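Trainee: Please give me a close look at one part of this model. Take the second chain, and what it touches.

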Amino acid sequence: MSDEFYVVAIAALLPLTALMLVLQVNPYNALVIRGILGAVAALVYALFGAADVALTEALVGTMLSITLYAVAVRSSMSMRLGVIAAEPHPDNERHDIPYPPEPLLSALRHMLDQHHMRLERVAYPSLPALRTALRNKDIHAICIGTETNESALLQVDHTEPYHIQTRLQRLYELMQKDIPSTMASLSYVQPNTLESAAIASADSQPSPVEGKL
Amino acid sequence: MNFVFFAMFLILLIPIYEAWQDEYIWQKMLAFASIATKTSIMILFISVLRDDWMIGVVGVIILSVGNAALMLLAHVIRRMNEL
């Protein structure tokens, strides 16, 4: 009788961890819980004498599937933001990307964190290369400084220091909600007709603090 | 012997609770490492209890493979935080 109890107690862990997995919202946390589920499942299978099933669960169900899914989630749940590569500064050896500036970057990161996504910056040498990449769907959005003379090609007004153009409707809606209009102007462009950019910009003038960004 | 197995079961519940209530991903990874090791030790214990060498070999393989899976997953998550 008592032997039965242990079997039931161990087997009850399986639906418990499965419930934890189903209720998980963050995909990366769900992957870790999937590993826990695989370990518990292997224990239950071994307890019932199915050693081959336990081995298969540990090798395929835990190791292979979470590794493949981690790579898939990592490459799909990201926003690729195209920027223009910086000229290497003479007294600064670091070849880092100059813009978007840190406040705009952290606002973008904060927006994406709410949806368990991450920001990936891709540097391009010039504005035509950026637009070609956007047209070829290599990147999801581009960010340019409006003070540069290249911005005249996009016909953006100079009231905001930066301009973000995206080809995804959903990203545009999210950015409209969470990116302050004094920080950067936004525009949504149809994926097939890149020329007809609908520019949505706020009327407010940037304050001196934001003008320095 | 059943008492030892019951104690192992109760100890296994601790990291499961930790993985459930903590939202930080590295705490979850720690709980996963703990659970993967504990379950394979329990499989080894079952094999000794039943004198079954087949389960014993499987337990040893799961003990080593669980660590490999953990290292792979940790590497991917660490790379994610760098970018």
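Mentor: Start with surface. Accessible areas come from the Shrake-Rupley method with a 1.4 Å probe, and for residues only the protein chains shown count as cover. For chain B the accessible surface comes to about 4,600 Å². Carbon and sulfur atoms hold 72% of that.

Some ground rules. This is a predicted model, so local features need pLDDT of at least 70 and side-chain atom pairs count only at pLDDT 80 or more, while totals for chains, interfaces and linings use all residues. Residues are numbered from 1 along each chain as its sequence is written, chains are lettered from A and ligands numbered from 1 in the order in which they are written, and side-chain values use heavy atoms, with hydrogens and water left out.

Now the fold of chain B. Helices (H or I, at least four residues) and strands (E, at least two) are DSSP runs, numbered from the N terminus. Chain B has three helices and zero strands. Read from the N terminus, its elements run α-α-α. Of its 83 residues, 43% are buried. Buried means under 20% relative accessible area, exposed means over 50%, and partly exposed lies in between (1.4 Å probe, protein chains only). Contact means heavy atoms within 4.5 Å. Take the contacts in chain B between residues at least 6 apart in sequence: 53% of them join residues at least 24 apart.

One loop residue deserves a look. Asp51(B) sits in the loop between α2 and α3 of chain B. Its phi is positive, about 55°, although Asp51(B) is not a glycine. Asp51(B) is exposed, at 62% relative accessible area.

Next, the interface. Here 37 residues of chain A are in contact with 37 residues of chain B. Between them the two chains bury about 3,400 Å², with 82% of it on carbon and sulfur atoms. Buried area is the accessible area (1.4 Å probe) that two parts lose on being put together, summed over both. On the chain A side, Tyr6(A), Val32(A) and Arg74(A) lose the most area to chain B. Together they account for 17% of what that side buries.

What about polar links? Between chain A and chain B the count of salt bridges is zero. A salt bridge is a side-chain nitrogen of Lys or Arg within 4 Å of a carboxyl oxygen of Asp or Glu. Three residue pairs are in polar contact across the interface, both residues being at pLDDT 80 or more. A polar contact is a pair of N or O atoms within 3.5 Å; within protein, one must be able to donate a hydrogen and the other to accept it, and residues adjacent in sequence count only if both atoms are side-chain atoms. In chain A, the elements α1, α2, α3 and β2 (118–124) each supply at least two residues of the side that touches chain B. α2(A) gives the most to that side, with twelve residues.

The interior tells a related story. A nonpolar core is a set of buried Ala, Val, Leu, Ile, Met, Phe, Trp, Tyr and Cys residues joined through side-chain atoms within 4.5 Å. The largest one has 48 residues. Ile10(A), Phe5(B), Phe32(B) and Leu73(B) have the most contacts inside it. Two or more residues come from each of α1 (2–22), α2 (27–47) and α3 (51–76) of chain A, and from each of α1 (2–21), α2 (25–50) and α3 (53–82) of chain B. Again α2(A) gives the most, with twelve residues. Now zoom in on Phe5(B), setting aside neighbours within four places in sequence. Phe5(B) touches Tyr6(A), Ile10(A) and Leu47(A) in chain A, and Met42(B), Phe45(B) and Ile46(B) in chain B. Another core lies apart, with 23 residues, including Val83(A) and Leu104(A).

Finish with α2(A). Gly38(A) lies in this helix. Gly38(A) counts as buried, at 0% relative accessibility. Leaving aside neighbours within four places, its contacts are Glu57(A) and Thr62(A). Glu57(A) also meets Arg34(A) in a salt bridge (3.7 Å, N to O). That pair links helix α3 to helix α2 of chain A, across 23 residues. Glu57(A) is buried at 16% relative accessibility, and Arg34(A) is partly exposed at 23%. Over all chains, the search finds two salt bridges.
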